[in-house]
Amino acid sequence: MKGVLHRCVDGISDFLIGWRHALAALFLAMTVFFGWSATRVQLDPGFLKQIPIKHEYMRTMMDHIKNFSGANTLLVNLHWKGEGDIYNAPFFDAMRKATDDVFLIPGIDRTHVSSIFTPNTYYIEITEDGFKGEPVVPARFSATPEQLARVRHNVSLSGQVGLLVANDFKSALIRADLQEVDTGNPEKAQIFYQQVMAALGNIRGRFESKTKYVYTLKEDHPPFKKGDQIDEGYVDYGWMLDMQPFYERPPGGGELVKIKGKELAVAKVANPDYNPNVEVNIIGFAQLLADVISGLVGVFAFFAVAFVITLVLLYLYSRSVRLTLVALVVALLPVLWLIGILPIIGFGIDPMSILVPFLIFSIGVSHAVQMTNAWRNEVVQGCSSVEASRAAFRKLFIPGAVALLTNALGFAVIMLIDIPIVHELGITACLGVLLMIVTNKMILPIILTHVRLEERSRRNSLKPPSSRQMAIWNQMAKCATPKFALGVFAVCLVLLAGTTQLSRGLVIGDSGTGAPELRPTSRYNHDDRQIATTYNIGTDVLSIIVEAPDFSGDSCLHYPVMNVIDQLELYMRGVDGVRSVTSVAGIGKLVIAAFNEGNPRWRALPRSSVGLSTGSKAFDPNMGFNTEGCKAIQVMVFMKNHEGATIAHAIREAKRFIKDHPVPGVKIRLASGNVGVMAATNEAVEAAEAKMLLAIFGALALLCLLTFRSWRATICVLVPLTMVSIFCNALMASMHIGLKVATLPVVALGVGVGVDYGIYLFERIQHHLADGHSFEEAFREAMLQRGTAAVFTAITMAIGVGTWTFSALKYQGDMGLLLSFMFLVNMLGAICLLPALGAWLFRDRAAATAAARRVRHG
Amino acid sequence: MKATPAAAGSDPAGPASTGAWPALIFTLIVAAAAAYAFSPRPAPPFAPTAVHPDGLLVDGLARDGDRLLAVGEQGRILVADSVKGPWHEATVDPQRGSTLTKVKFIDDKLVLAVGHDGWILRSTDRGEHWKEAFFIPTPKDADEDSPSGAIAPPPDAGSSAEPPPDAGMSAEPPPDASMSAEPPGDVGTSAEPPADDGSAGFGGDSGPEPLQPDPLLGIAGPFNDRIFAVGGFGLMLKSDDQGQTWQRVVSEAVGDHHLSAMVRAADGALILVGERGLMARSTDNGDNWQLLPQVYDGSFFGVLALKSKSLLAFGMRGHVFRSEDDGKTWKESKVPSGSSLFGGNVSADGDVVLVGAGSTVLVSKDDGRSFTQPLEPAFSDLATVLPVSADSWLVGGDGGLKLVTSAAHDKETQP
């Protein structure tokens, strides 16, 4: 069968070389087509993509997303940095303007915007004659000292201290919910989020920026005329303006018209609303997205850096400008093709899949190096370019294709994580690697047929390996002797013992507070801390949904329903890691007490519907805690942090409560809110971890068995990978990197890519073993032929992904660090541990072969 | 390129060669380490879920010696032997889940607590274990609180360790049905339209209505071995057997006013205060009551007997009145706050402390004639207070229990 395979490869190589001109034309046409298509690629963020949509919790969230906004809440906080507290005219002026601006954000749910300026924020004052409730800020408010004193009084009675007004009276908050539109359509989602992000940037800039920017058209853009003012804003786009689209509705109405930033002239005027004493803090998914996207811009810079470093390394390695350029171009081809295919299959680029092109580029370079290396060796030995291409193809097609298939496998198994964004990452990466079989294994040989190696490079290649290099390889080859192998085992066991223990400390989910996507020092996380430390509400909300659809009339007027919610509220308050809990039961009791002169001793749920109806103001669907008729009610649990363990504990305790408190007709379901999303994500990640590892190692074992027909070879390749996977977990644990959507794929990717070294090396070793060499000799030969390429490849790839470490996005940094580690250490495993294992596993074989040879020769 | 001879790439059949054992053992160790490293990782320890002193609405506090008791929402009772805690939950049987409003030591063993639904709890071991002495079930239509449709009826009360508080209630008489309490009212009573301001009761003028599940808001006594429990809509109960059985007291004078508190004056007369300026006096140990002239039209939430034998009544919007003639006449005290006052106490050296809405704490060192406000107001409402020292108090309210100190008032410490 192996002979069949090789004949097959020979056939393909003849076809490839024979039809190379026609194929070149075809590939060129494809490249042009994909290049054109690539210009249409869209940024496709979107909230729903990032959650495990089929998870039980997320089904609960989706069932109620129309009633309760889920997790897409926006908080805009105005912080007074000046003297005194917020009760001054400039602050209230800013607060009013900011509230108005929030209302104008596209997609905002206007019934749920609340700040001290909105009419749904009222206070209750209890007097001898009953009580009165009025908006906190009176309708005709002009910030006179008397009115400010009045508002101060109202706020203290409103119960909003700690909610809409900071505990230290230095900030006030605007709370709003964003309704996501049409997530199925990347283009619309993109426009939507761009508008939201622009609006948020302008709210911040309105008070923090000294300059206001007025945008007018440089040329006609129907239906607008030259000189028309298109927009004004407070965000300095700088050189980014050209990339910033503006959307403007024509004067007569109709669809939004997209106007590119470069069509606009900018005039700078002084910003009348600028106030150095006002700081604007904005948190929420849309703002996070904006910050993540601006962080992504940095990614392009890293791409450039990685590209240049690769270029230099390639040149140093090959000493040939032509080969360097060919390798780079060929490594870029699958990236271009991939980006071209994305719009065709309806995918966009999101913050996670943007890393795929890097990875594909790095892998592409490594395979291109193997190919150009083999080609150069042939040319140096006197072949023509065409013949060298054919030979290189024949030698490398099988190990190369197997290596790429294992890479694809590594990417494919991460699809076991049931989260759309990870699926897309898996599909995109898989596709990219498969494209590489075409670009690297077919286009590269065709291009190489047209390349003439520079004389300098040829001379450089003809030089025998320097004595130092030889010494290194000889030293390495000693690993392949049984005696040294034992030493390698001993060192590995010591490392293994330490790292295994360390790896037990790995946590699932995020660590700490703030947005895990961004670094702790980022503006977003600064804002998050500002809000989290001065208000009682955290930004980490676990929302538990109580469904009571079958009660007659208003479910909130039935004591069993309200009582179980009240008990749930008290129970969750007692759970470690919970900061506070809010629900209709607690608010209902507050209202009932308010009807009883504010006396806290009346703060209890009456057992009759009549009694409960006293608290019915609390069951107003506009407050966002329940639907009309209380058919669904959300209990909001504010968490102290969103560490994976804390979330898991809260979820466990909530489940225990639900199990212990069955109420007929009432269904308590987990979970919505951002913590609900994290809980679902963490559970999906946890469930996927073992499955994913078993799948990748199982598949690799199978592939190795098929390729090498030897369980010994399989052990030699897989054992180092297994060890490195444990090392990776230990590294994560010691660097406090949690296992989450971004880091879970790393092990699979690292293993899938890291196996390349083992496969390329062992393929050679096997050849030499077949020729009757001892394992040690076979290994030394293999290292001479492919070792340099392997080391070079590992370093290039590690540098390529290592540049991510500097990303503004924390998870990219984590991924970069871990992948670099995996690539490098897997290479070390392949050149140290693999031979040590082989030395023992193939000891008898080598002896037997030698004996056989002696017999034959003797 | 030569095709690889097929034979060279395949293994000899049969078990592993003996010479390979170090590599095989190493492989096994790595496999075992991987299995261990990737097996489910243990969750870090978390504090067990329990009612936290700062997470419970506390309406009543009591102290006897070192023993401290706090009662509050959902019938929860916390016990501690130091103001700094730790607090643990007492056992309540049966746990009705009604909010408790007051707690009082009757002697050094016996403690009583009262709450909503006419619930009275009794403990004879300084508050560790509580038994029900009285409870007024809510009359209701059999399926009013059941969801419509084909949903199973509520589980049998005996089938779970902690039945829903109202399971099977209408069929179950109060445990101490022996006293003069009327049977639970009929369905028609609860079908009355809701009273929007909460103050209008069921009351008619023609004699006492059947007992309704109204809240008890105060407990007083023992006055000549008689203990009183008073509450909403004129509910007044008395016990002459250490709180084991309770009898209803109906007073024309009191009507359906909410009753907040009762105290005994130096001359042995009982003083009762309540809603809408109600002040009543009884000279026959509570059998008959006479209204006192109204001095204030807002509600009183408490009354204290001071060391000097003066009386102090306090209520809405910072109104405090003092009487030096056993409650016959009252004079308003000077108060620097307009917040409603819901609780008060007298310290060992005679200082008076009152607490109320907006974290108000008022202190008087002149026997209640004038008050100072040693603490900044804050958000939570306080219902009850125990003096700890001259300038620190244990307060209870909707923010739970707090130990507050005037010396460094911004440093509130959780007990």
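M62(A) is partly exposed, because 15 other C-beta atoms lie within 10 Å of its own; a residue is called buried if 20 or more other C-beta atoms lie within 10 Å of its own, exposed if 12 or fewer, and partly exposed in between, with C-beta atoms placed from the backbone. The residue is found in helix α3 (residues 56-63) of chain A, where helices (H or I, at least four residues) and strands (E, at least two) are DSSP runs numbered from the N terminus. From M62(A) to R204(A), 142 residues apart in sequence, the C-alpha to C-alpha distance is 31 Å. The model is predicted, and local features need pLDDT of at least 70, side-chain atom pairs count only at pLDDT 80 or more, and totals for chains, interfaces and linings use all residues. Residues are numbered from 1 along each chain as its sequence is written, while chains are lettered from A and ligands numbered from 1 in the order in which they are written.

Chain A as a whole has 25 helices and 14 strands, and its C-alpha atoms fill a box of roughly 120 × 70 × 50 Å along the principal axes. Of its 858 residues, 55% are buried. Two residues are in contact if their C-beta atoms, placed from the backbone, lie within 7 Å, and among the contacts in chain A with a separation of 6 or more, 77% are between residues 24 or more positions apart.

Helix α17 (residues 584-595) of chain A has twelve residues and reaches 16 Å from its first C-alpha to its last, close to the 16 Å expected, the expected span being 1.5 Å times one less than the number of residues. Ten of the twelve residues of α17(A) are buried, so the helix is largely enclosed by the rest of the structure; among them are V584(A), K589(A), I592(A) and F595(A). After α17(A) comes E597(A), which has a positive phi, near 65°.

Chain B has three helices and 27 strands, and 47% of its 415 residues count as buried. Among its contacts between residues at least 6 apart in sequence, 48% join residues at least 24 apart.

One residue of chain B to look at is Q74(B), which lies in the loop between β2 (67-72) and β3 (77-80) of that chain. Q74(B) counts as buried because it has 25 C-beta neighbours inside 10 Å. Leaving aside neighbours within four places in sequence, Q74(B) is in contact with D566(A), Q567(A) and L570(A) of chain A, and with G97(B) and T99(B) of chain B. The C-alpha atoms of Q74(B) and L259(B), which are 185 residues apart along the chain, are separated by 21 Å.
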